[in-house]
Amino acid sequence: MEKIRPKEIILKNGETLILREANEEDAKDLIDYLNTVGGESDNLLFGKDEFHLTIEQEIQYIKKVANDSNTLMIIGVVNNSIVSVGQISCLPRKRISHNSEIAISVKKDYWRKGIGSAVMEELISFAQNHNLIKNISLGVKASNHNAIRMYEKFGFKTIGIHKNYFNVNGIYDDELIMDLYLDK
Ligand SMILES: CC(C)(COP(=O)(O)OP(=O)(O)OC[C@H]1O[C@@H](n2cnc3c(N)ncnc32)[C@H](O)[C@@H]1OP(=O)(O)O)[C@@H](O)C(=O)NCCC(=O)NCCS
């Protein structure tokens with residue numbers, strides 16, 4: 001079940017970014033990618049080498065996502081290497097399944113080249129065209145100003161705060177809850 005067509009985008013530095021759904025052959029690269037980006041900022045839910053799925057488990061996860069019309073995982077590829085992962089999923093319970101959640105990361109070498117924005121556009125467009133989704137939510141560390149600016153650029157509004165939600169090596173920080181209500 002193809003949910004998005006692969007897309008080529010020329011980045012601000014002239015390189016070509018391919019945005020596409022992940023497939024089983026991406027499993028090892030995805031694990032390596034997540035273990036790398038985990039160590040590149042303190043803003044994700046895991047740190048360096050803290051993403052512990054085996055290749056077989058990751059393959060099963062990719063298959064599950066591919067067969068789930070309520071979830072989209074997009075990878076960004078430059079020169080055959082994964083530089084970004086974004087995901088949107090509906091909440092699983094029927095009564096709240098019109099609410100979705102997103103998560104996004106970009107490899108540090110590729111920050112500020114428009115990749116985060118390109119992935120956000122795809123995720124929001126998926127939600128706009130989805131028969132269920134009416135709301136997109138996300139959680140972001142209060143000190144992650146770059147991500148917050150990006151979400152605000154796409155119309156997300158802060159609707160709440162989880163106090164001291166994050167504990168990164170003993171340093172606590174709040175989580176901002178941000179929502180985008182789709183006009184449909
Ligand atoms: C947040 C993140 C996804 C942004 O990705 P990116 O590819 O750098 O994003 P873009 O180049 O498309 O920039 C998107 C917007 O973010 C904001 N932004 C990003 N980096 C910024 C910076 N250093 N200074 C100011 N604004 C910044 C700007 O609003 C920018 O829009 P603009 O270029 O039109 O001004 C990336 O920094 C990242 O992966 N960080 C680590 C993981 C993370 O924080 N994920 C989000 C967890 S909630």
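1. In this predicted model, Arg93 sits in the loop that joins strand S4 (81-90) to S5. Arg93 counts as exposed because 8 other C-beta atoms lie within 10 Å, and the cut-off for that class is 12 or fewer. Between the C-alpha atoms of Arg93 and Glu2 there are 24 Å, with 91 residues separating the two along the chain.

2. Two non-glycine residues with positive phi deserve a look. Asp49 has a phi of about 55° although it is not a glycine, and its place is the loop between H1 and H2. Asp49 has 11 other C-beta atoms within 10 Å and is therefore exposed. Asn79 is not a glycine either and has a positive phi of about 50°. The loop that holds Asn79 runs between strand S3 (71-78) and S4. Asn79 is classed as exposed because it has 9 C-beta neighbours inside 10 Å. From Asn79 to Ile133, 54 residues apart along the chain, the C-alpha separation is 33 Å.

3. Ile74 belongs to strand S3. Is Ile74 buried or exposed? With 23 C-beta neighbours inside 10 Å, Ile74 counts as buried, since the class begins at 20 or more. Beyond its neighbours within four places in sequence, Ile74 makes contact with Ile4, Leu19, Glu21, Gly86, Val119, Glu122 and Leu123. Ser84 lies 10 residues from Ile74 in sequence, and the C-alpha to C-alpha distance is 8.1 Å.

4. Asp174 is part of strand S8 (residues 171-181). It has 15 other C-beta atoms within 10 Å, so Asp174 is partly exposed. Setting aside neighbours within four places in sequence, the contacts of Asp174 are Ala142, Ile161, His162, Lys163, Asn164 and Tyr165. For one of these, Ile161, the C-alpha atom is 6.6 Å from that of Asp174, at 13 residues along the chain.

5. The next point is the packing of the helices. Helix H1 (residues 27-37) and helix H2 (residues 55-66) have axes that come within 9 Å and cross at roughly 105°. H1 is therefore roughly perpendicular to H2. On the H1 side the contact involves Ala27, Lys28, Leu30 and Ile31, and on the H2 side Ile55, Glu58, Ile59 and Ile62. By class, the residues of this contact are 6 nonpolar, no polar and 2 charged.

6. The ligand has 20 residues around it, of which Asn43, Gly116, Ser117, Asn146 and Met150 come nearest. Strand S5 (99-106), helix H3 (115-129) and helix H4 (145-153) are the elements that contribute two or more residues to this shell. Which element gives the largest share of the shell? That is H4, with 5 residues. The shell as a whole divides into 8 nonpolar, 8 polar and 4 charged residues.

7. The protein chain contains 4 helices and 8 strands. Their order along the sequence is β-β-α-α-β-β-β-α-β-α-β-β. Of the contacts with a separation of 6 or more, 58% are between residues 24 or more positions apart.

8. On overall dimensions, the C-alpha trace of the protein chain spans about 40 × 40 × 35 Å along its principal axes. The radius of gyration of the protein chain is 16 Å, which agrees with the value near 16 Å for a compact globule because the chain has 184 residues. Buried residues account for 25% of those 184 residues.

How values were computed. Residues numbered from 1 in each chain as written. Predicted model: local features only at pLDDT ≥ 70, side-chain atom pairs only at ≥ 80, totals over all residues. Near = placed C-beta within 6 Å. Nonpolar A, V, L, I, M, F, W, Y, C, P; charged D, E, K, R; others polar. Axes fitted to C-alpha atoms, helices over the stretch in contact; angles between N-to-C directions. Parallel < 35°, antiparallel > 145°, perpendicular 65-115°, else oblique. Contact = placed C-beta atoms within 7 Å. Rg over C-alpha atoms; globule rule 2.2 N^0.38 Å.
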